[in-house]
Amino acid sequence: MVTVRAPATSANLGSGFDVFGVALDRPADIVHVERADRTTIELTGVGSQYIPTDPDRNVVGAVAEALDAPAHIRIDKGVRPSSGLGSSAASSAAAAVALNELYDRGLSREELVPVAAEGEAVVSGEAHADNVAPALLGGFTVATDEGVTTVDADIPLVACLPEIAVSTRDARRVVPSDASIEDMVHTVGRAATLAVGMCRRDADLVGAGMDDRVVTPARAELINGYHEVREAALDAGASGVTVSGAGPSVLGVCQAADRTRVAGAMLEAFDEAEVNARAYKTRVGRGTEVLEP
């Protein structure tokens with residue numbers, strides 16, 4: 001048996017739609033795999049009752065098929081589905097690493113990115129790498145058609161998860177099909193600022209680089225209380241706030257000393273909007289890890 005831990009992730013980071021992603025040091029999925037004649041799936045943990053165990057409808061089934069590695073796969077969900085924290089990517093990345101190890105396929109983490117992305121396609125309809133890349137590789141990632149670039153960043157974060165469900169498919173439907181040249185220039189400038197901030201491990205630059213006028217405003221409307229939560233986090237010391245992935249989680253960047261205050265402000269703002277939520281005081285973290293037996 002092989003056991004792995006795969007982290008939650010946050011994609012887009014505001015200005016980097018379908019390109020930027022970060023691994024979070026918490027929460028995470030734990031996945032156990034054992035060789036079998038055919039793939040079967042067992043699920044426990046947060047939101048597991050909403051996830052299909054049919055391998056044809058589950059992300060890990062697609063990964064097992066892509067690797068030709070049938071197994072009994074047991075998933076302990078720590079990353080809630082439909083959270084905007086890369087729940088399906090965590091399971092996909094975990095399965096890819098675990099099955100690669102179990103069957104000694106010899107693939108590198110970079111080579112496993114498109115394999116894990118096949119699992120993502122089961123959920124979103126398209127094989128995107130913006131979540132699976134950081135889940136596999138850790139740090140800050142830039143995923144393009146040419147490959148993945150990784151930066152070993154160390155940035156404090158707060159991820160606030162409200163008890164609202166936003167599906168990836170629904171969140172993609174509201175993305176505008178065009179943008180003005182002014183908004184494009186603004187977004188490119190912010191994305192460049194964010195990337196430099198990650199390289200310098202500068203939370204203020206990263207926060208400033210999150211601002212986006214194209215995708216985030218449309219997705220924010222799917223999250224009750226988002227605007228109030230964003231303002232509360234900024235007032236509490238966050239340097240930047242945006243929708244995490246497809247939502248509904250809200251991601252804040254701040255100094256490590258401000259995380260408790262920012263998390264409390266975000267929770268209070270959601271509470272005032274009559275939305276229950278929980279906050280993860282986290283940071284940019286490592287990718288999927290094989291655990292000791």
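Colleague: Let's start with α2. How many residues does helix α2 have, and how far does it reach?

Modeller: Keep in mind that this is a predicted model. Helix α2 runs over residues 87-102, so to speak 16 residues by the definition of a helix run. From its first C-alpha to its last it reaches 22 Å, close to the 22 Å expected at 1.5 Å a residue. Just after α2, D104 takes a positive phi of about 50°.

Colleague: Is α2 mostly covered or mostly exposed?

Modeller: Mostly covered: 15 of the 16 residues in α2 are buried.

Colleague: And how should I read a nonpolar core? Which residues touch the most other members in the largest one?

Modeller: The general idea is that nonpolar side chains tend to be buried together in soluble globular proteins. Here the largest nonpolar core has 60 residues, and V33, I73, L99, F140, I155 and M198 touch the most other members. The largest share of this core comes from α2, with ten residues.

Colleague: Take I155, then. What is I155 in contact with?

Modeller: Leaving aside neighbours within four places in sequence, I155 is in contact with G197, M198, R201, D202, A203, V206, V253, R283 and V284.

Colleague: On to cysteines. How many disulfides does the count come to?

Modeller: A disulfide is a covalent bond between the sulfur atoms of two cysteines. In this model the count comes to zero. Take C160: the closest cysteine sulfur is in C254, 12 Å away, and that is too far for a bond.

Colleague: Are C160 and C199 buried or exposed?

Modeller: C160 counts as buried, because its relative accessibility is 0%. C199 counts as exposed, at 55% relative accessibility.

Colleague: Now α9. Which residues of helix α9 are buried?

Modeller: In helix α9 (residues 226-235), Y226, V229, A232 and A233 are buried. They cover an arc of only 130° around the axis, so they sit on the same side of α9. The general idea is that an α-helix has 3.6 residues a turn, so residues three or four places apart point the same way.

Colleague: What do the buried residues of α9 pack against?

Modeller: They pack against α8 (216-220), β8 (240-243), β9 (250-253) and α10 (259-272). Just after α9, G237 takes a positive phi of about 120°.

Colleague: You mentioned α8. Where is T216 found, and what is T216 in contact with?

Modeller: T216 is found in helix α8, and counts as buried because its relative accessibility is 11%. Leaving aside neighbours within four places in sequence, T216 is in contact with G14, Y226, T242 and V243.

Colleague: What about annotations? Which residues does the UniProt domain cover?

Modeller: An unreviewed UniProt entry gives "domain: GHMP kinase C-terminal" for residues 196-270. Over residues 196-270 the chain is 51% helix and 11% strand, with the end C-alpha atoms 31 Å apart.

Colleague: Where does UniProt place the feature "binding site"?

Modeller: The unreviewed entry places "binding site" at R80, P81, S82, S83, G84, L85, G86, S87, S88, A89 and A90. R80 is found in the loop between β4 (71-77) and α2.

Colleague: Is R80 buried or exposed, and what does R80 touch?

Modeller: R80 is buried, because its relative accessible area is 18% and the cut-off for buried is under 20%. Not counting residues up to four places away in sequence, R80 touches V46, S87, L161, P162, E163, I164, A165 and P248.

Technical notes. Residues are numbered from 1 along each chain as its sequence is written. This is a predicted model: local features need pLDDT of at least 70, side-chain atom pairs count only at pLDDT 80 or more; totals for chains, interfaces and linings use all residues. Side-chain values use heavy atoms; hydrogens and water are left out. Helices (H or I, at least four residues) and strands (E, at least two) are DSSP runs, numbered from the N terminus. The expected span of a helix is 1.5 Å times one less than its number of residues. Buried means under 20% relative accessible area, exposed over 50%, partly exposed in between (1.4 Å probe, protein chains only). A nonpolar core is a set of buried Ala, Val, Leu, Ile, Met, Phe, Trp, Tyr and Cys residues joined through side-chain atoms within 4.5 Å. Contact means heavy atoms within 4.5 Å. A disulfide is a pair of cysteine sulfur atoms within 2.5 Å. UniProt positions are given in the numbering used here, feature names are shortened, and annotations may be inferred rather than shown by experiment. The arc is that of the directions from the helix axis to the C-beta atoms.
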